[in-house]
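Here are a few exercises to work through with the model open. Try each one before reading its solution.

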Amino acid sequence: MTSFDAAIFSTHSSIKSGELDIAGVLATQLAADYGTPLFVVDESDFKARAKGWNNALNSAFGVSDGMVYYAAKSFVCKEIARWVSETGIGLDVCTGGEMAVAIAAGFPMDRVELHGNNKSEKEIRTAIEVGIGTIVVDSFHEIERVSRIAAELGKVQKVYIRVTPGVEAHTHEFISTAHEDVKFGFSIASGAAWTAIQEIRKSSSLNLAGLHSHIGSQIFASEGFAAAAVKVIAVLAKYRDAFGSELPELDLGGGYGIAYIPGEITLDPTVVMSELAAVVKRECAAAKIAVPKISIEPGRAIVGPTTTTLYTVGTTKDVALDNGATRRYVAVDGGMSDNIRPALYGAEYLAIIANRSSTATQINCRVVGKHCESGDIIIREIQLAQDLVPGDLLAIPATGAYGRSMASNYNHLTRPAVIAVKDGKARLIVRRETETDLLALEL
Ligand SMILES: *Cc1c(COP(=O)(O)O)cnc(C)c1O
């Protein structure tokens, strides 16, 4: 039985007289005013989650200067960057493009951190010129580049070293980042991380402030985070033994899991942070080093649950299966161009009819898009009301992270608009692309 699930939809979503209401605005009204497909962000929910992680981090570690960097890659636009800025937390960017959004939004650059395993000289130069807080270095080539460019600009750049602690995170291979055989970071086990530390210490234009570890995304097992912290703190202890001083900061990355389908849970920041703090404090005490200033980088856990995608059903088609059963293909007006996660990672989603209630029998359905691929599936298997017809609205919750941000123009579809809703009011924050936008690139 598929129905509205408050644990998956954004905090201010509910069913009002059979219709989905998001922060006081009916889904039917949003679809009528802005068209579909549409990304609808629950603004207060976003800010509450951002603050929630910040408060949880600080109270678990008993400090006031812990740093949450919102991972821009999960979804960013100027308005979101302003919300992040207002909340007082930082921003983690990975490319010149994401940095450009931060700059355009007037984001305080000292609260920005630059990631990426292959930053260009131009990206590095821009970052240092605009006074970016931290650059997380990811290769020996990059140590040379950041050191040289900072020297040219007459600056001393604060850096972290990204290390791979050799932890197998229990998540999809493509979003698992801390085992040995990955493109990211410097391996602790092979000694590369230690060599990187020595290289950076030789440079007078680099200020090594700490280490960084990010084990992957959509992770639920706290052992993964704990195991990584243990490995990284061992390096901090070795650093103190070798150099007689302590690295003051430690960034433990993001990756906190959220609920997509009934039965799953969204990790509670208070629980996750207190577990992490316990491990970090224990390990630091054992190594007799001070607990460093901790930062984390949640993306999905802040924006993921806040956003719902609205689609309009265009066609339905019944197909006979080998086992004699029937599957109804429900085709919507978007697909893999606005949500690639099912095709890329086998991700699962929930959908409900958003424009009315139905007491009809629920039947075996597959929700697909309008692209020219059989793999253009949004939900492989779901029970939906038999009386679902073209023109009905489908709402898919928890699409805030890696939805719009991974959107493409495949088949020359135009990327959907993003709407913020709050206290009964809706406003456009990213307009829908038009075919004129697409053609404007052509010479
Ligand atoms: C992707 C990424 C994040 C954010 O991951 P979430 O699963 O969205 O929390 C944080 N830090 C780094 C380095 C990343 O690559």
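A crossing is left-handed if the near helix is turned anticlockwise from the far one by less than a right angle, and right-handed if clockwise. This is a predicted model, where local features need pLDDT of at least 70, side-chain atom pairs count only at pLDDT 80 or more, and totals for chains, interfaces and linings use all residues. Residues are numbered from 1 along each chain as its sequence is written, and side-chain values use heavy atoms, with hydrogens and water left out.

**Exercise 1.** Work out how H7 and H8 cross, and what class of residues sits between them.

Solution.
- Start with the handedness: H7 and H8 make a right-handed crossing.
- Next, the geometry: helix H7 (residues 192-202) has an axis that comes within 12 Å of the H8 axis, crossing at roughly 45°. That makes the pair oblique (under 35 degrees is roughly parallel, over 145 roughly antiparallel, 65 to 115 roughly perpendicular, and the rest oblique).
- Now find the contact (heavy atoms within 4.5 Å): H7 brings Trp-194, Ile-197, Gln-198 and Arg-201, and H8 brings Val-235, Lys-238, Tyr-239, Ala-242 and Phe-243.
- Sort them by class and you get 6 nonpolar, 1 polar and 2 charged residues.

**Exercise 2.** Decide how H8 and H9 are arranged relative to each other.

Solution.
- Get the numbers: helix H8 (residues 222-243) packs on helix H9 (residues 269-287) at about 25°, with axes 9 Å apart.
- At that angle, H8 and H9 are roughly parallel.
- Look at who touches whom: among the contact residues are Phe-225, Ile-233 and Arg-240 of H8, and Leu-276, Val-280 and Glu-283 of H9.
- The residues of this contact split into 11 nonpolar, 1 polar and 4 charged.
- Finish with the handedness, which is right-handed for H8 and H9.

**Exercise 3.** Is His-371 buried or exposed, and what does its side chain pair with?

Solution.
- Locate His-371 in the loop between strand S17 (362-368) and strand S18 (377-385).
- Its relative accessible area is 7%, so His-371 is buried (buried is under 20%, exposed over 50%, partly exposed in between, with a 1.4 Å probe and protein chains only).
- Its side chain makes a polar contact of 2.7 Å with the side chain of Ser-337.
- Leaving aside neighbours within four places in sequence, the contacts of His-371 include Gly-334, Asp-376 and Tyr-410.

**Exercise 4.** Where is Ala-440, and how far is it from Glu-283?

Solution.
- Ala-440 is in the segment after helix H12 (435-439).
- With 59% relative accessibility, Ala-440 is exposed.
- C-alpha to C-alpha, Ala-440 and Glu-283 are 56 Å apart, and they are 157 residues apart in sequence.

Definitions and conventions: Axes are lines fitted to C-alpha atoms, for helices over the stretch in contact, and angles run from 0 to 180 degrees between N-to-C directions. Helices (H or I, at least four residues) and strands (E, at least two) are DSSP runs, numbered from the N terminus. Ala, Val, Leu, Ile, Met, Phe, Trp, Tyr, Cys and Pro count as nonpolar, Asp, Glu, Lys and Arg as charged, and the others, Gly among them, as polar. A polar contact is a pair of N or O atoms within 3.5 Å; within protein, one must be able to donate a hydrogen and the other to accept it, and residues adjacent in sequence count only if both atoms are side-chain atoms.
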